[in-house]
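Here is a short briefing for a first look. Have the sequence and the 3D view open as you read.

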Amino acid sequence: MARILVYDLPTRLFHWLLALGFVLALVIGQFADEHGVLFPYHMIIGLVLGMMLILRIVWGFVGTRYARFGSFLFGPGAVIGYFKGILIGGGRRYVGHNPGSSYAIFAVLAITLLIVASGLLMSGGGEVFEEVHSVASYVLLALVAVHLVGIIVHMIRHRENIAASMVTGTKAGEPGNAIGSAKPITAIVFILVTAFWAGGLIRNYNSGTQQTTLPLLGVAVQLGESEHGEEGHGRRNQHDDD
Ligand code: HEM
Ligand code: HEM
């Protein structure tokens, strides 16, 4: 079978930037001092992931064939069939996302949004959101582990290097099933919007007030504890001399 183009460039860029951003946010969130110089980057990376997610959701409706959510909305029958194929062999092949990964993908997108939203709400000072934020982060970590195990199992069982498909965008398939273009212009727009958003968040960050302003929207957001932050070990803004 020929190698055909399946995943467009915006989808692949989103994937690897999401993976990188998730790892960075998780490591800083877990290991960096909440009042240290690195921590604002935790929140800025999270807000950048939030913007990328919004763009990916739009692309899920208007993007190329296998990037569209409708192309990997599978019913329970297809999922059972997929796992049967993994266990006992056989099973049909899928050109785009397979039924095994489809639910994990929707869950990853939804939970990442929940983490970003709870992170924002917690910065306004809410214990509940703090709890949601940390539990959702570990749930996402567990999902990523399932995602990676799923990919390894698929690669062994079907002898198909799908990890490479997220890099090259190609898979073995019938030429008639290929997408027409990798959408390089959209990919450039995606990079520019994301870079503009990230640059604006960093530029607008004020270490004195621990606030930044969302580019274009002009909305100020509190990063880290606000005035009414935790008592006891809560630190006051005016002591911030980062
Ligand atoms: C995908 C993006 C993100 C991930 C994976 C993530 C993950 C985490 C993790 C693992 C922790 C440590 C939790 C704990 O120790 O219990 C944490 C803490 C925190 N995160 Fe995030 N986060 C993300 C995005 C954000 C965003 C967008 C904001 C705010 C705008 C934010 C604000 C915070 C704050 C203020 C804390 C400290 C909370 C505390 O007192 O424990 N995070 N995050
Ligand atoms: C080395 C690490 C990783 C590899 C090799 C990898 C590989 C892949 C592959 C091959 C697919 C397509 C699966 C299919 O055929 O259905 C995929 C999709 C996806 N992966 Fe990963 N992945 C990695 C890390 C991550 C991480 C850390 C995250 C999330 C934080 C993630 C989130 C996703 C999402 C959301 C999709 C769907 C992409 C889309 O259509 O937008 N991946 N990944």
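Is phenylalanine 61 buried or exposed? Phenylalanine 61 is exposed, because its relative accessible area is 61%; buried means under 20% relative accessible area, exposed means over 50%, and partly exposed lies in between, with a 1.4 Å probe and protein chains only.

This is a predicted model, in which local features need pLDDT of at least 70, side-chain atom pairs count only at pLDDT 80 or more, and totals for chains, interfaces and linings use all residues. Residues are numbered from 1 along each chain as its sequence is written, chains are lettered from A and ligands numbered from 1 in the order in which they are written, and side-chain values use heavy atoms, with hydrogens and water left out.

**Overall build**

- The protein has seven helices and four strands. Helices (H or I, at least four residues) and strands (E, at least two) are DSSP runs, numbered from the N terminus.
- Along the sequence the pattern reads β-α-α-α-α-α-α-β-α-β-β.
- The C-alpha trace spans about 65 × 40 × 25 Å along its principal axes.
- Of the 242 residues in the protein, 42% are buried.

**Surface patch**

- Phenylalanine 61 sits in helix α2, residues 39-62.
- Ile54, Val58, Phe61 and Val62 make up a nonpolar patch on the surface. Together they have about 420 Å² of accessible area.
- Patches take residues with over 30% relative accessible area and no salt bridge; like charges are joined within 9 Å, and nonpolar side chains (Val, Leu, Ile, Met, Phe, Trp, Tyr) within 5 Å.
- Accessible areas come from the Shrake-Rupley method with a 1.4 Å probe; for residues, only the protein chains shown count as cover.

**Salt bridge**

- Side chains of opposite charge can pair when their charged atoms come close.
- How many salt bridges are there? The count comes to one salt bridge, defined as a side-chain nitrogen of Lys or Arg within 4 Å of a carboxyl oxygen of Asp or Glu.
- Glutamate 160 pairs with arginine 93, and their closest N and O atoms are 2.6 Å apart.
- This pair links distant parts of the chain, 67 residues apart. Glutamate 160 is in the loop between α5 (127-157) and α6 (162-168). Arginine 93 is in the loop between α3 (76-88) and α4 (99-123).
- Glutamate 160 counts as buried because its relative accessibility is 12%. Arginine 93 is partly exposed, at 34%.

**Cavities**

- Rolling a probe the size of a water molecule over the atoms shows where empty space is left.
- There are three cavities of 30 Å³ or more. On a 1 Å grid over the protein atoms alone, a cavity is a set of points where a 1.4 Å probe fits but cannot get out; lining residues have an atom within 4 Å of a point.
- The largest cavity has a volume of about 90 Å³. Grid points are joined across faces, edges and corners, and a volume is the space filled by probe spheres set on the points.
- Both salt-bridge partners, Arg93 and Glu160, are in the lining of the largest cavity. The lining also includes Tyr82, His154 and Lys171.
- The lining divides into three nonpolar, four polar and four charged residues. Ala, Val, Leu, Ile, Met, Phe, Trp, Tyr, Cys and Pro count as nonpolar, Asp, Glu, Lys and Arg as charged, and the others, Gly among them, as polar.

**Positive phi angles**

- Arginine 159 is in the loop between α5 and α6. Its phi is near 45 degrees, a positive value in a residue other than glycine. Arginine 159 is exposed, at 78% relative accessible area.
- Glutamine 210 lies in the loop between α7 (184-203) and β3 (211-213). Its phi, near 55 degrees, is positive in a residue other than glycine. Glutamine 210 counts as buried, at 7%.

**Pairs across the chain**

- Alanine 2 is in strand β1, residues 2-5, and is partly exposed, at 36%. Its C-alpha atom is 5.8 Å from that of glycine 173, 171 residues apart along the chain.
- Proline 99 lies in helix α4 and counts as buried, at 0% relative accessibility. Proline 99 and phenylalanine 74 are 25 residues apart in sequence and 5.9 Å apart, C-alpha to C-alpha.

Notes
1 Å grid on protein atoms, 1.4 Å probe; cavity = no way out; pocket = protein on both sides within 12 Å on 5 of 7 lines; lining within 4 Å.
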